[in-house]
Amino acid sequence: MNKYAYILAFIFLLSFTACKFDNKKHLESPVIPRPMMMFPGTSSFTFNQNTKIVIEGKDSSMLGIAQRLKLMIDSIGQFDLAIQNMDQVEGVKNIVLLSGNQANDKYSDGGYRLKVDRDKLVVQANKPEGVFNGVSTLQQIILLQMVDSIQGNDLEIPDLNIWDN
């Protein structure tokens, strides 16, 4: 009887070690420093000649961040992306929105949310410092995608949701 109890206990313990926890919703981040959370979606955003970089607000540091992003994307995809203020834009498709005045207590001054979907790419933060960090993360993702996704004159970025503080 004791022998059977040991065998059952062994099988029971073996079943736990044989199980593998596989969290497919959370990505291991290739971005440095590693964001707090990074979740994949199912679509992708495609930069093309009609993509616009849109700034929410008139902060001069936001314009500098937008120009830095534009320079990188233009040089990779041979684009000439326009930078516009939010009040100049009609619609929210095919845009990269940089928003540095969210007043959201979920973000520290350097924290941000980067949301990529089929229609737009949004970097939200409380302050321009957070937008800068979000754009730096985006630039790393662009470099990682660059080799695989430039086809013709388009640059494709996977659907992602990233939060960092």
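**Reading the labels on this model**

Modeller: Lys 120 has a relative accessibility of 26% and counts as partly exposed. The model is predicted, and local features need pLDDT of at least 70, side-chain atom pairs count only at pLDDT 80 or more, while totals for chains, interfaces and linings use all residues. Residues are numbered from 1 along each chain as its sequence is written, and side-chain values use heavy atoms, with hydrogens and water left out.

Biologist: What makes the pair of Lys 120 and Asp 117 a salt bridge?

Modeller: The term requires a side-chain nitrogen of Lys or Arg within 4 Å of a carboxyl oxygen of Asp or Glu. Between Lys 120 and Asp 117 the N to O distance is 3.4 Å, so the pair meets the definition. Side chains of opposite charge can pair when their charged atoms come close.

Biologist: How many salt bridges does the structure hold?

Modeller: Four. One of them joins Lys 70 and Asp 80, at 2.9 Å from N to O. Lys 70 lies in helix H2 (residues 60-77) and Asp 80 in the loop between H2 and strand S3 (82-85), so this pair ties together parts ten residues apart in sequence. Helices (H or I, at least four residues) and strands (E, at least two) are DSSP runs, numbered from the N terminus.

Biologist: How do you know whether Asp 80 is buried or exposed?

Modeller: Asp 80 has 54% relative accessibility and therefore counts as exposed. Lys 70, with 18%, is buried. Lys 70, Asp 74 and Asp 80 are linked in a network of salt bridges.

Biologist: Which residue forms a salt bridge with Lys 115?

Modeller: Asp 159, with the closest N and O atoms 3.4 Å apart. Lys 115 is in strand S5 (residues 112-116) and Asp 159 in strand S7 (residues 155-164), so the pair ties together parts 44 residues apart in sequence. Lys 115 is partly exposed at 23%, whereas Asp 159 is buried at 9%.

Biologist: What makes strand S4 mostly covered?

Modeller: Five of the five residues in S4 (residues 95-99) are buried. Ile 95, Leu 97 and Ser 99 point one way, Val 96 and Leu 98 the other.

Biologist: Why is a group of residues called a nonpolar core?

Modeller: The group must be a set of buried Ala, Val, Leu, Ile, Met, Phe, Trp, Tyr and Cys residues joined through side-chain atoms within 4.5 Å. The largest such core has 32 residues, and Leu 98 is among those with the most contacts inside it. H2 gives the largest share of this core, seven residues. Another core, of five residues, lies apart and includes Val 54 and Ile 95.

Key
Buried means under 20% relative accessible area, exposed over 50%, partly exposed in between (1.4 Å probe, protein chains only).
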